[in-house]
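Trainee: Before I use the terms in this description, I would like to understand what each of them rests on. Could we go through them one by one?

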Amino acid sequence: MIPDPASFEVAKSYRARALKTLSYGVSSTPRGRQLPAPIVADRAANAHVWDKAGSRFIDYAAGYGPLILGHSPSCVIDAVKAEMDRGLRTASVHAGEAALAELICETLPAAQKCAFVSSGSEAIQLALRIARAATGRTRVVKFRGNYHGWMDGVQVAGAYGNDGPGTIGQDPGAAASLTILDWGDATALAEVLTSDFAAVILEPVAVNGGCFTPPDGFLAEVRALTERHGVVLIFDEVITGYRLSLGGAQQLHGVTPDLAVIGKAMGGGLPIGAVAGSDAVMEPVSSGRLFHRGTFNGNPVSVAASIACISHLKANAQTLYPLIDGLAAQLETGLREAAARHDTVCAVNRTGSALQLALGVAEMRSLADTAQADFPATARFAGHLLQAGVQIIGRGLSYTTAAHTAADIAETIAAYDMAFAAMAREGGGK
Ligand SMILES: Cc1ncc(COP(=O)(O)O)c(C=O)c1O
């Protein structure tokens, strides 16, 4: 369904209004970069979002990952409504906390103990604090291109060629204890790692860098090296947890970290994050020695949503993961074929239900290849897709969900053609 062009005029006039009182007109900067203008979501159901003008978009932004069951899964929405009917009980101890922890311990290989927060960024801070408390050391290895949230201590080395801060205003001293290495290079890690380090943190599958699957043996080698030096291994599974499989990337690749950081999909769309790990490494927080704070931690509504979402994923794992991966595989094929039809150079990477495209480069095998990619053109392509009725994340990332249908996929592949044709007309993307 082609959106009414009036939609983008409505979006632009909303943005003009919002910019007067809301910084950058949005609540998270990337949302403000959507081309031709950030659409204003009025309502959503299943895999579709409608804007104020009544245009319908097939949504692969999926809330930047969390909406693994789509926008209106009855299990999550019913659980949230039922929980709200019992009063908000913010910051109270409630039985849902232990129920959710039990569910995570049943499903995530690393989990023997859990601790809850409200976002992935917070969960990363907690994991690093636990690792430092457990070892009595401060140094941490971080890998280029991996994103671990927006806090000063980790938002560095996010893009190829920039090992520095991700934005202005960061305290450069906050990341002083990090050693930055290339993701996928176990030899470099072997050369650097000593028992001076508290932790090695990584995205086990590097969705943020460009949807990279770990090279053969990399995760096992990182596990062996961290064990050898008594260093805490932290898998940042904020994207991959409950998305790549019920047990995340750790289950899929058969390597169990000491600590796993989860968020996004675990909440089915509500804000929640968690650190889950072995009894031994979680001891500082489990014993109460390490202060784990947060007014909204474990709030009943997010916890209820998370219990409902994970329970649904657990009950349906055998069919749900092959379904969402299969839908993404169809998009992958459709995208490659559409690019070829329009004689456009376009790299397509897929890991499970996450699909990354980048114009200007034929293949993107590692972060170094992203230097050749044309991300401004990729964002313009995403803008043309939006005008053809399909929403993806502007940097070229799409997530399939259990709510997408075969009809959505067919419509999306037709939209790829329209977007490539529009790029050709404006003379970009070759
Ligand atoms: C791998 C990874 N870790 C951490 C985060 C931070 O999570 P949040 O945005 O919920 O703070 C993100 C967010 O995109 C992420 O992709």
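Trainee: Leaving aside its neighbours within four places in sequence, which residues is histidine 94 in contact with?

Mentor: Bearing in mind that this is a predicted model, histidine 94 is in contact with Arg89, Gly298, Asn299, Pro300 and Val303, once neighbours within four places in sequence are set aside. Histidine 94 itself has its place in the loop between H2 and H3.

Trainee: Why does histidine 94 count as buried?

Mentor: The term buried is kept for residues under 20% relative accessible area, and histidine 94 has 10% relative accessibility, so it counts as buried.

Trainee: What makes a set of residues a nonpolar core, and which members of the largest one touch the most other members?

Mentor: The members must be buried residues of the listed nonpolar kinds, joined through side-chain atoms within 4.5 Å. The largest nonpolar core has 35 residues, of which Ile104, Tyr242, Met266, Leu313 and Tyr321 touch the most other members. H10 (300-341) gives this core its largest share, 12 residues, and the core draws at least three residues from each of domain 1 (6-71 + 318-426) and domain 2 (91-298). Another core, of 29 residues, lies apart from it and includes Val117, Ile180, Val285 and Leu290.

Trainee: What does Tyrosine 321 touch, not counting residues up to four places away in sequence?

Mentor: With heavy atoms within 4.5 Å as the cut-off for contact, Tyrosine 321 touches Ile68, Tyr242, Arg243, Leu244, Ser245, Leu246 and Leu313.

Trainee: How do you know that domain 1 and domain 2 are in contact?

Mentor: By that cut-off of 4.5 Å between heavy atoms, 25 residues of domain 1 are in contact with 21 residues of domain 2, while the centres of the two domains, taken over C-alpha atoms, are separated by 27 Å.

Trainee: What makes a residue part of the lining of a pocket, and which elements each supply at least two residues to the lining of the second largest pocket?

Mentor: A lining residue has an atom within 4 Å of a point of the pocket. The second largest pocket has a volume of about 340 Å³, and of the 19 residues that line it, Glu97, Cys114, Ala115, Phe116 and His292 are the closest to its centre. Helix H3 (95-107), strand E4 (113-117) and helix H9 (279-286) each supply at least two residues of that lining, with E4 giving the most, 4 residues. Sorted by class, the lining of this pocket has 9 nonpolar, 8 polar and 2 charged residues.

Notes:
Residues are numbered from 1 along each chain as its sequence is written. This is a predicted model: local features need pLDDT of at least 70, side-chain atom pairs count only at pLDDT 80 or more; totals for chains, interfaces and linings use all residues. Side-chain values use heavy atoms; hydrogens and water are left out. On a 1 Å grid over the protein atoms alone, a cavity is a set of points where a 1.4 Å probe fits but cannot get out, and a pocket is an open set with protein on both sides within 12 Å along at least five of seven lines; lining residues have an atom within 4 Å of a point. Grid points are joined across faces, edges and corners, and a volume is the space filled by probe spheres set on the points. Ala, Val, Leu, Ile, Met, Phe, Trp, Tyr, Cys and Pro count as nonpolar, Asp, Glu, Lys and Arg as charged, and the others, Gly among them, as polar. Buried means under 20% relative accessible area, exposed over 50%, partly exposed in between (1.4 Å probe, protein chains only). Domain bounds come from an automatic or database domain assignment.
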